[in-house]
Amino acid sequence: MKEELFASGRNIPNIDPYLNIWHWQIPSYLFLGGLAAGILFFASFFTIMGKENEMEATVKKAPMIVPFALVLGLFFLFLDLKHKLYFWQLYTTVRIQSPMSWGAWVLMAITPLSFVWAASYVRVLFPKWDWKYDILKKFEKWVIANRILIAWPMALLSIILGIYTGILLSAFNARPLWNTSILGPLFLVSGMSTGAAVIMLMSKDHKERKIIGRIDILLIIVELFFIIHLFMGFLAGSEVQIIAANLFLGGKFTAPFFAFVVILGLIFPATLEALELKGFKVPMVVPAILILAGGLIFRFLMVEAGQITRYLY
Amino acid sequence: MHTRRNFIKISSLGLGATSLAGGAIKWVTGAPSPKKISIGAKSASSFKTVSTYCEVCFWKCAGWAHVTEDGQIQKITGNYNDPQCNGRLCPRGTGGVGMFSDPDRLKTPLIRVTKNGEQTYREASWDEALDFVANKMKEIKEKYGPESMGLFNHGTPGKHFTHLLNSFGSNNIGAPSFAQCRGPRDTGFELTFGESVSSPEVTDIRDTRCMVLIGSHIGENMHNGQVQEMSEAIDKGAVIITVDPRLSTAASKSKFWLPIKPSTDLALLLSWIHVLIYDDIYNKEYVAKYAEGFNELKEHVRTFTPEWAYGITTIKPEQIRQTAREMANAAPAVIIHPGRHTTWYGDDVQRSRAIAILNALLGSWGNRGGIFLKEGFKIPDFPHPAYPKPAWSWQDTMNGRYPLAKESVTNTLIEASIPSENNKHQIKGWIVAGTNLVMAIPLKEQLMQALQSLELLVVVDTMPMEITGYADVVLPECTYLERYDDIRSSPHREPTIALRSPAVEPMYQTKPSWWIAKQIGERLGLGEYYKFDDFREVLDWQLKQVGQSLEELERVGAKKLPRKTPLYIEPGMNFQFKTASGKIHLFSKELEEYGFDPMPVYTPHDQPEEGYYRLIYGRAPMHTFSRTANNRNLVALMPENAVWINPQVAELWGLKKDQYVWLKNQDGVLSNFPVKIRVTQRIRWDSIYIVHGFGHHHKPLTYAFGRGVNDTEMISKVSIDPIMGGTGMRGNFVTFVKENPKKEVES
Amino acid sequence: MRYAMAIDTRKCVGCSDCVVACQTENNVPVGFCRDWVVEVVDGTYPNVSIELRSERCNHCDNSPCVRCCPTGASHFEDGGIVLVEHSKCIGCGACIQACPYDARYSHPEGYVDKCTFCIHRVREGKDPACVSVCPTSCMYFGDLDDQNSKIVNVLKNRKFKSLAPEAGTKPRIFYLV
């Protein structure tokens with residue numbers, strides 16, 4: 001029997017008995033980032049494909065919420081900071097090796113882009129809207145004329161943003177649960193799936209929903225595959241990774257993970273979507289909400305569980 | 001229950017609100033507000049350093065208080081001139097700032113009053129409080145004689161009040177450090193070598209080649225100099241042999257750990273003596289030259305073979321022989337450590353005698369790496385008239401018991417404070433200075449009876465300890481960092497003197513003990529004994545008498561003085577021990593005269609019944625007694641004690657790590673509070689272990705209240721050593737209570 | 001110049017003086033600490049062993065905390081000492097997540113705090129507070145590039161280990177075993 005304790009009684013808030021320095025803010029931020037990345041990717045993708053009129057909700061409506069999601073996400077990140085007055089220090093330097101810095105800069109680039117994108121469709125959705133200033137009107141005109149030019153960098157940035165939401169965690173070698181390169185693609189796919197869910201919620205066009213639904217089923221299959229891969233990798237890894245995997249395979253995160261993420265958040269909504277494609281009448285709001293909730297819970301679980309895992313020595 | 005002296009919670013006065021007066025404490029470190037360190041903390045040059053010596057324990061290491069420009073104590077560091085600490089304080093010394101910055105400190109004098117039929121304290125001015133004390137003392141003197149005033153003390157405040165009581169005409173002065181702690185050891189060594197090993201002990205650990213620890217756990221007891229020297233000895237490859245039912249820290253660093261069955265130590269010691277003598281490996285030359293009674297001893301231990309001891313101690317014969325050989329190989333650079341807290345089973349003087357005899361057989365006393373010869377440095381008393389001779393004194397409270405006690409026995413003084421027809425000599429008033437009797441003295445009933453019978457109880461302390469709740473008058477003493485005290489003069493390899501001077505002005509209305517004693521003395525008409533205005537004058541005068549100067553001591557803090565006598569017995573020297581015959585007494589005629597065994601004899605002690613476990617208590621390196629349990633710097637390291645149990649016991653009882661349980665002892669005494677379980681392989685299955693000093697039940701100790709369990713309250717049975725009155729406390733057995741027994745807590 | 005520390009687990013008694021000394025030297029608020037002591041008990045009674053380790057920031061050569069810091073607040077000082085510049089720290093917590101030793105914490109004032117190797121003392125030629133106070137003298141601080149230093153000497157002559165070497169951080173605190 002091995003007994004380990006702090007002879008000096010260490011009991012630091014949020015550090016002991018196990019790390020818990022990131023609370024709800026970070027997973028929420030990651031969720032909103034992934035969701036925004038998903039929507040922006042679909043918007044730019046279908047714009048580049050020249051489908052903006054067939055895919056109204058995807059290209060025009062859903063992106064309206066993206067600026068709000070990104071700003072809210074940034075606000076959550078801000079809430080997470082403990083030394084808030086020094087927030088601006090993030091933008092005084094570029095730290096190539098710091099995912100946190102990457103994220104700050106990517107958001108710095110993609111947030112204005114999302115504003116521009118959304119603004120350019122404001123008059124489509126709200127015909128009575130008036131930009132008032134000439135310069136804004138001119139700018140709008142330029143944007144509308146050059147949408148494809150904007151769509152390309154936006155597509156690229158949205159993929160970076162989506163991957164970043166996973167890399168933020170996977171870059172931490174010290175937390176074995178996070179320290180796997182599959183987390184980037186996994187979070188990207190999961191983010192895109194949540195983006196697709198938002199689009200399905202907003203779309204009133206059956207054909208558009210069908211296209212997005214089909215993509216979403218594919219995304220969910222890939223996501224499930226990645227999740228299986230994630231745990232296979234861990235179980236084939238070092239002791240700390242096995243311990244990390246066991247948190248979800250029998251440990252205290254098993255029930256919420258399988259119930260809310262795998263079954264209710266992935267398999268069940270994918271099944272509903274498949275049934276709808278087969279022609280069954282399914283209210284799309286059900287799978288969409290389940291996917292969104294599953295995605296959010298997934299990030300909460302990963303952030304919470306990851307902090308518990310650590311090196312043993 | 002209606003008692004004359006209800007226990008009063010000092011917090012009920014609403015003093016809490018003023019508790020942050022003085023205000024500058026931002027963090028409870030007692031340090032000024034943290035600086036933004038883009039590079040680092042404050043550099044050393046910005047501090048004023050003031051000489052002090054520590055008062056967190058009895059080791060009294062010399063150190064420096066570092067005071068910031070705005071008059072806050074930032075930190076305390078050790079003094080390199082002091083051989084007791086060599087510039088390195090222990091955690092308690094370093095954390096001494098927490099004693100100064102404790103928000104729960106006593107702040108003003110308090111007097112017990114009855115308001116609306118309820119007893120409470122009211123804040124009083126110093127004049128009022130001191131007048132009250134002096135008038136009561138005069139009253140006691142007139143009614144019963146001055147001898148009826150008693151004093152219980154610990155540490156430096158004791159000296160000032162001892163002077164007060166002696167001037168007043170009483171010699172009834174006691175300290176728990178004798179009958180509850182080192183008394184048996186000192187008596188055992190005095191009977192053998194003619195003198196004790198002092199404090200700090202004169203053990204030459206630094207240069208030893210073999211050290212035996214038997215029930216002594218250096219490293220957990222943070223006797224600084226000894227911990228340092230043990231570390232040095234480890235570096236030098238010394239063999240350490242530890243006898244302990246628990247894997248103590250020291251045991252984990254030992255070449256040999258003998259996990260003895262508790263209460264059988266004497267059998268092991270006797271069989272070691274047997275092996276040394278019968279394997280003919282004792283130090284023959286030394287014994288022939290310096291000891292007497294060898295033949296009697298040889299005959300006495302004939303049957304105490306390792307095989308005999310094995311059946312008692314569970315230590316294998318081969319291990320006993322092997323460890324005895326290790327000692328003999330190292331002799332005379334070997335120490336069988338005398339220990340310190342030795343009041344265990346009531347035959348403790350005899351056990352200490354066995355330890356002393358082992359040291360004698362190996363020739364360690366007076367040899368390098370053994371026990372060096374002490375040389376003190378006498379600081380003369382400040383001139384005062386001769387003390388009046390008391391008509392009776394503490395010896396008379398013994399009523400013929402404990403004939404070999406060289407110091408007073410707290411318990412007989414407490415007995416003498418309970419009115420009874422058998423008591424010719426009655427104590428009616430107490431001053432208690434710097435000791436929390438409630439948590440230091442076993443046999444709570446007796447103590448409570450005494451407390452209820454007193455006509456005057458004055459408590460002088462820095463903190464609202466349990467004992468203050470029983471006082472008629474509480475006098476708030478300032479901490480050691482805010483006052484002058486006597487010069488510390490300690491025997492060491494070189495005698496050393498050290499100065500304590502105030503680093504800052506006393507906070508609140510607290511006062512130094514010398515001032516309090518002087519004020520009472522003057523009110524009692526004893527002004528002749530206090531012919532000084534400031535204690536500085538006393539120190540200045542004393543140091544000048546011995547060719548030293550206060551100015552120098554203020555600069556250097558501590559000073560080693562050259563020895564006048566040799567450190568070890570030198571070849572050709574006619575060395576005489578301080579016994580009557582000048583020789584080491586292996587056979588003690590003195591003991592024989594008083595009808596005790598002249599040589600140690602093993603007697604079996606009670607063993608726990610099924611479901612009960614022997615209560616073993618001890619020390620943690622970050623706490624001193626019960627006095628640091630509220631020190632914010634130290635409780636961060638250890639906020640409460642835990643009860644150590646063997647995994648087998650845990651399984652049997654279904655107990656889990658960190659689960660809280662109550663303890664109940666063999667007499668049905670329940671612990672006030674629950675205590676956390678620690679499941680560990682470091683303890684035997686027939687015993688449990690807790691660190692002493694926790695489980696405070698006095699609410700004004702806002703942090704310490706209710707944390708952990710107080711071992712003293714679980715000790716309702718003591719075995720008193722008939723030789724010197726020591727209260728053996730290791731014969732208590734406890735069991736676990738898993739459900740809340742809903743016991744009402746006293747306060 | 002590469003500052004490092006060697007800690008003798010055979011001498012450490014776990015008294016935690018290093019923790020208190022750090023606290024009063026560096027104004028670490030009570031309830032927090034920049035160093036701490038771990039006790040590991042192994043075996044079955046009576047064949048039991050204890051390892052006591054005074055732990056703190058390892059001032060790693062390959063510091064994940066410095067790498068992941070988005071503002072450069074966590075940085076290397078001379079001698080390889082890893083420091084946090086409080087006025088640059090935004091308190092995002094990334095470095096806390098990045099440290100395999102859980103050596104960093106969020107100071108009540110918001111910034112992230114940790115052991116500085118007492119750089120203010122080291123620059124004055126003194127040992128860090130924990131090293132200078134240790135009653136057992138079980139800690140050695142010095143420059144690995146100085147062949148005559150005590151630390152190089154003990155590392156040459158004793159067996160030692162570092163914590164979680166598999167994390168690849170190249171820690172600079174060595175435990176003599």
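Me: What share of the contacts in chain A with a separation of 6 or more comes from residues 24 or more positions apart?

Reply: For chain A that share is 75%, where a contact is a pair of residues whose C-beta atoms, placed from the backbone, lie within 7 Å. Please keep in mind that this is a predicted model, in which local features need pLDDT of at least 70 and side-chain atom pairs count only at pLDDT 80 or more, while totals for chains, interfaces and linings use all residues. Residues are numbered from 1 along each chain as its sequence is written, and chains are lettered from A and ligands numbered from 1 in the order in which they are written.

Me: How do you know what confidence chain A has?

Reply: From pLDDT, the predictor's confidence in each residue, from 0 to 100. Chain A averages 95, and 100% of its residues score at least 70. Within chain A, helix 5 (residues 122-125) is lowest with a mean of 91, and helix 1 (residues 25-48) is highest at 97.

Me: What makes up the secondary structure of chain A?

Reply: Chain A has 12 helices and 1 strand. Reading from the N terminus, the order in chain A is β-α-α-α-α-α-α-α-α-α-α-α-α.

Me: Why is chain A called as compact as a globular protein of its length?

Reply: The test is the radius of gyration, taken over C-alpha atoms, against a globule rule of 2.2 Å times the number of residues to the power 0.38. For 313 residues that rule gives 20 Å, and chain A comes out close to this at 21 Å, so it passes as compact. Its C-alpha atoms fill a box of roughly 75 × 50 × 25 Å along the principal axes.

Me: And what does the rule say about chain C?

Reply: Chain C has 177 residues, for which a compact globule would have a radius of gyration near 16 Å; the value for chain C is 16 Å, so the two agree. Its C-alpha trace spans about 50 × 40 × 35 Å along the principal axes. Chain C holds 6 helices and 10 strands.

Me: How do you know in which sense strand 1 of chain A and strand 2 of chain C run?

Reply: Two strands pair if DSSP finds at least two bridges between them. Here 5 bridges join strand 1 (residues 2-6) of chain A to strand 2 of chain C, and the two run antiparallel. As one example, Glu3(A) has Val41(C) as its bridge partner.

Me: What makes up the side of chain C that touches chain A?

Reply: The contact takes 43 residues from chain C and 40 residues from chain A. Strand 2 of chain C gives the largest share of the chain C side, 8 residues. By class, that side has 26 nonpolar, 12 polar and 5 charged residues. Nonpolar here means Ala, Val, Leu, Ile, Met, Phe, Trp, Tyr, Cys and Pro, charged means Asp, Glu, Lys and Arg, and the others, Gly among them, are polar.

Me: What does chain C put against chain B?

Reply: There, 40 residues of chain C are in contact with 46 residues of chain B. Helix 1 of chain C gives the most to this side, with 8 residues. The classes on the chain C side are 18 nonpolar, 16 polar and 6 charged.

Me: Why is strand 24 of chain B called largely enclosed?

Reply: In strand 24 (residues 687-691) of chain B, 5 of the 5 residues are buried, so the rest of the structure largely encloses it. Ser687(B), Tyr689(B) and Val691(B) are buried on one side, and Ile688(B) and Ile690(B) on the other. Strand 20 (residues 613-618) of chain B runs parallel to strand 24 of chain B, joined by 5 bridges.

How values were computed:
Contact = placed C-beta atoms within 7 Å. Helix = DSSP H or I, 4+ residues; strand = E, 2+ residues; numbered from the N terminus. Buried ≥ 20, exposed ≤ 12 C-beta atoms within 10 Å, placed from the backbone.
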